[in-house]
Every structure is written in structure tokens, then in C-alpha cells.
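Visitor: I have a structure open and would like to learn how to read some of its features. Could you walk me through them?

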Amino acid sequence: MSRTVFCQNLQKEAEGLGFQLYPGEIGKRIFDNISKEAWGHWQKKQTMLINEKKMNMTNADDRAFLESAMVAYLFEGKEPEIEGYTPEKK
């Protein structure tokens with residue numbers, strides 16, 4: 001049986017993640033409060049950000065930027081700025 005969480009991003013009860021996908025306190029917060037569906041939405045936006053900004057994940061500054069964008073998207077409802085992308089209306 002899958003576990004459910006009240007997803008802070010989608011503002012509804014939804015299927016939770018199967019395990020903690022991100023390390024540390026932020027990872028625990030994501031595991032406890034973000035659904036599989038919302039995480040999937042973030043992964044798509046993350047890919048677009050990495051490609052558009054030509055990020056290098058071995059670069060600490062790029063990782064910090066991406067983590068900041070992730071927290072803002074998942075917990076504060078802030079869409080990342082991706083050139084040429086218009087987010088769907090919720």
C-alpha cells in the first residue's frame with residue numbers, strides 16, 4: 001500500500017514518495033510534504049533549467065541555484081524562470 005501525504009505544492013492529499021530522494025533536512029521535508037506527482041513536475045522543470053542555463057552539476061554554485069529554485073517551486077509556489085516556457089494555469 002502506498003503512503004499518502006498532504007502535498008504542500010498541490011494542496012491536496014496525494015501519493016507520497018517511496019523513499020527520500022534528496023539528502024539532508026530539505027530531503028526529509030520533501031519526503032514528508034511533497035507528492036510523487038509534484039516531484040515529477042519539479043523534475044521536468046529542473047531538466048529545463050539545467051539545459052537552458054547550461055548548468056554543470058559538479059559546480060557548487062549551480063547546485064545551490066538549483067536547490068534554491070527547487071525549494072521555491074515545491075514549497076513557495078514560485079515558478080522558475082525558463083526562457084520560452086509558459087507554465088500551465090493551476
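This is a predicted model: local features need pLDDT of at least 70, side-chain atom pairs count only at pLDDT 80 or more; totals for chains, interfaces and linings use all residues.

Visitor: Let us begin with helix packing. How are two packed helices described?

Guide: Two packed helices are described by the angle between their axes and the distance between those axes. Take helix 1 (residues 24–33) and helix 3 (residues 60–76): their axes come within 12 Å and cross at roughly 25°. That angle makes helix 1 roughly parallel to helix 3. The crossing of this pair is left-handed.

Visitor: Which residues of helix 1 and helix 3 make the contact?

Guide: Helix 1 contributes Ile-26, Arg-29, Ile-30 and Asn-33, while helix 3 contributes Glu-67, Met-70, Val-71, Leu-74 and Phe-75. Sorted by class, the contact of helix 1 with helix 3 has six nonpolar, one polar and two charged residues.

Visitor: At what angle do helix 2 and helix 3 pack?

Guide: Helix 2 and helix 3 pack at about 145°, and their axes are 11 Å apart. Here helix 2 passes helix 3 in a right-handed crossing. On the helix 2 side you will find Ala-38, Trp-39, His-41, Trp-42, Lys-45, Gln-46, Leu-49 and Ile-50; they meet Phe-65, Leu-66, Ala-69, Met-70, Tyr-73 and Leu-74 of helix 3. By class, this contact of helix 2 with helix 3 has 11 nonpolar, two polar and one charged residues. Look for Met-70 and Leu-74 in your viewer: both belong to the contact with helix 1, and both are also listed in the contact with helix 2.

Visitor: Now the backbone. What should I expect of phi?

Guide: Most residues other than glycine have a negative phi. Gln-11 is one case, with phi near 60°. Another is Lys-54, with a positive phi of about 50° although it is not a glycine.

Visitor: Where do Gln-11 and Lys-54 lie?

Guide: Gln-11 lies in the loop between strand 1 and strand 2, and Lys-54 in the loop between helix 2 (36–52) and helix 3.

Visitor: Is Gln-11 buried or exposed?

Guide: Exposed means over 50% relative accessible area. Gln-11 has 53%, so it counts as exposed. Lys-54 counts as exposed too, at 71% relative accessibility.

Visitor: What about Asn-9, buried or exposed?

Guide: The cut-off for buried is under 20%. Asn-9 has a relative accessible area of 10%, so it is buried. Asn-9 lies in the loop between strand 1 (4–7) and strand 2 (12–15).

Visitor: Which backbone oxygen does the side chain of Asn-9 reach?

Guide: The side chain of Asn-9 reaches the backbone oxygen of Leu-74, at 3.5 Å. You have already met Leu-74 in the contact of helix 3 with helix 1.

Visitor: And what does Leu-10 touch?

Guide: Leu-10 lies in the loop between strand 1 and strand 2 as well. Leaving aside neighbours within four places in sequence, Leu-10 is in contact with Ser-35, Glu-37 and Ala-38.

Visitor: Where is the place of Lys-78, and what does Lys-78 touch?

Guide: Lys-78 is in the segment after helix 3. Not counting residues up to four places away in sequence, Lys-78 touches Ala-72 and Tyr-73. The side chains of Lys-78 and Glu-76 are joined by a polar contact of 3.3 Å.

Visitor: Which residues is Thr-4 in contact with?

Guide: Leaving aside neighbours within four places in sequence, Thr-4 is in contact with Glu-13, Ala-14, Glu-15 and Gly-16. At 53% relative accessibility, Thr-4 counts as exposed.

Note on methods: Residues are numbered from 1 along each chain as its sequence is written. Side-chain values use heavy atoms; hydrogens and water are left out. Helices (H or I, at least four residues) and strands (E, at least two) are DSSP runs, numbered from the N terminus. Buried means under 20% relative accessible area, exposed over 50%, partly exposed in between (1.4 Å probe, protein chains only). A polar contact is a pair of N or O atoms within 3.5 Å; within protein, one must be able to donate a hydrogen and the other to accept it, and residues adjacent in sequence count only if both atoms are side-chain atoms. Axes are lines fitted to C-alpha atoms, for helices over the stretch in contact, and angles run from 0 to 180 degrees between N-to-C directions. Angles under 35 degrees count as roughly parallel, over 145 as roughly antiparallel, 65 to 115 as roughly perpendicular and the rest as oblique. A crossing is left-handed if the near helix is turned anticlockwise from the far one by less than a right angle, and right-handed if clockwise. Contact means heavy atoms within 4.5 Å. Ala, Val, Leu, Ile, Met, Phe, Trp, Tyr, Cys and Pro count as nonpolar, Asp, Glu, Lys and Arg as charged, and the others, Gly among them, as polar.
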